[in-house]
Amino acid sequence: MPLWGFYAFDAYIIIFMVITGIIFWWSIARKKERPPEKFKLLRGPGETQRRRVQKADENLFSYFYGGAFVPLVIVSLVLLLATQLPKGLVLVGAAVAAVLFFVSTVCAIVVLLRFLNRRRNDLLSYLGERAVAEYLEPLRQNGFRIFHDVPCEGRKTNFNIDHVVVGPTGVAAIEVKTRRKKKGRPGFEEHVVTHDGQRLIWPWGEDRCGIDQLMAESDWLRKFIYGRTGLHVDPKPILALPGWWVTERVAGAFRVSSHKLLPAIIRDWKPQPLTPEQIDLISRQLDERCRDVED
């Protein structure tokens, strides 16, 4: 295929996308339509992860297209320049083009694989938060109110509390960590994770995955509630590990649980009774923070 064919094909793709975008924008603008109301809905479970997955899906074509065609464009430009060289250097130019093609292809594959792995992990996190939310839902029948993906401001960066539950037995801050199962060490069951009071013992090793984050989120929520309502409430920090069998050797400052046992822990562990008026006051502050979904 001649070099001009590559350029013609790339130009066709770009022109097609630009023309289509202009026509779509013009057709929308000329109708002068607007929504009946500027909706601001409550954040759903895994809202941050949902947005990441949605954005990844929107960019999927660009990553595949760019990964496939950028190396071709690079080698085409280098070969075009090589044709302008003296005959004795043409082979050198061709060799440079081959090396650049190989390097750019490897870089494109690495970028694409990272993108796909990030989307895969974001989707798993989203499904884990959805699973937790489904098990929390029955608490509403007992006077609890549930808020998902609560946005928070940190000193260095913003973050989210996956679930906040407010009800007659107090406030709970829930951080969800959805991790894949894999082959473990000898003597460790692949579906069991143990909490020894300080760390999590997984089949393949030990770490503090989510624990420090959970405690920071609980502290932020405590300060937020006091600052907005004047109520001294100590949120219950709970780390949820959906899909795992959790063994707790110690139940100390925080709890670790599978998603199926969360309702019982929220109801029975360290109850801090709240009146209906206090529940409503706290809930209104959280509702205000979580009502920002417009798409």
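Close-up 1. At 13% relative accessibility, Thr194 counts as buried, where buried means under 20% relative accessible area, exposed means over 50%, and partly exposed lies in between, with a 1.4 Å probe and protein chains only. This is a predicted model, in which local features need pLDDT of at least 70 and side-chain atom pairs count only at pLDDT 80 or more, while totals for chains, interfaces and linings use all residues. Residues are numbered from 1 along each chain as its sequence is written, and side-chain values use heavy atoms, with hydrogens and water left out. Thr194 is found in strand β5; helices (H or I, at least four residues) and strands (E, at least two residues) are DSSP runs, numbered from the N terminus. Leaving aside neighbours within four places in sequence, Thr194 is in contact with Arg199, Leu200, Ile201, Thr247 and Arg249, contact being heavy atoms within 4.5 Å.

**Close-up 2. The open sheet of 4 strands that includes β5.** Strands of a sheet pair through backbone hydrogen bonds, either parallel or antiparallel. In this sheet the order is β7-β6-β5-β9, with mixed pairing, and two strands are said to pair if DSSP finds at least two bridges between them. The edge strands, each of which pairs on one side only, are β7 (205-207) and β9 (245-248). From one strand to the next, the twist averages 25 degrees; axes are lines fitted to C-alpha atoms, for helices over the stretch in contact, and angles run from 0 to 180 degrees between N-to-C directions. Strand β5 (residues 192-195) pairs with strand β6 (residues 200-202) in the antiparallel sense over 2 bridges, and the bridge partner of Thr194 in β6 is Ile201.

Close-up 3. Is strand β4 (residues 170-176) buried or exposed? Of its 7 residues, 7 are buried, so strand β4 is largely enclosed by the rest of the structure. Strand β3 (residues 159-167) pairs with β4 in the antiparallel sense over 5 bridges, and a hairpin joins β3 to β4 through 2 residues. The bridge partner of Gly167 in β4 is Gly170. Strand β4 is also joined by 5 bridges to strand β8 (residues 236-240), and these two strands run parallel, with Val176 standing opposite Ala240 in β8.

Close-up 4. A pair of aromatic rings is described by the distance of the centres and the angle of the planes. A search of the whole structure finds 8 aromatic pairs; rings of Phe, Tyr and Trp (its six-membered ring) pair if their centres lie within 6.5 Å, and planes under 30 degrees apart count as stacked, over 60 as edge-to-face and the rest as tilted. The rings of Tyr63 and Phe115 have their centres 4.0 Å apart and their planes at 10 degrees, so this pair is stacked. The pair links distant parts of the chain, with Tyr63 in helix α2 (residues 47-82) and Phe115 in helix α3 (residues 87-136), 52 residues apart. Tyr63 is partly exposed, with a relative accessible area of 33%, whereas Phe115 is buried, at 12%. Trp220 and Phe224 form another stacked pair, 5.1 Å centre to centre and with 10 degrees between the planes. Both lie in helix α4 (residues 211-229), 4 residues apart, about one turn of the helix. Trp220 is buried at 15% relative accessibility, and Phe224 is buried with a relative accessible area of 8%. Ring pairs link Phe159, Trp220 and Phe224 into a cluster.

**Close-up 5. Charged side chains over aromatic rings.** The charged end of Lys181 sits over the ring of Trp244, 5.5 Å from its centre, where a charge sits over a ring if NZ of Lys or CZ of Arg is within 6 Å of the ring centre and within 35 degrees of the ring normal. Arg185 lies over the face of Phe188, at 4.1 Å from the ring centre.
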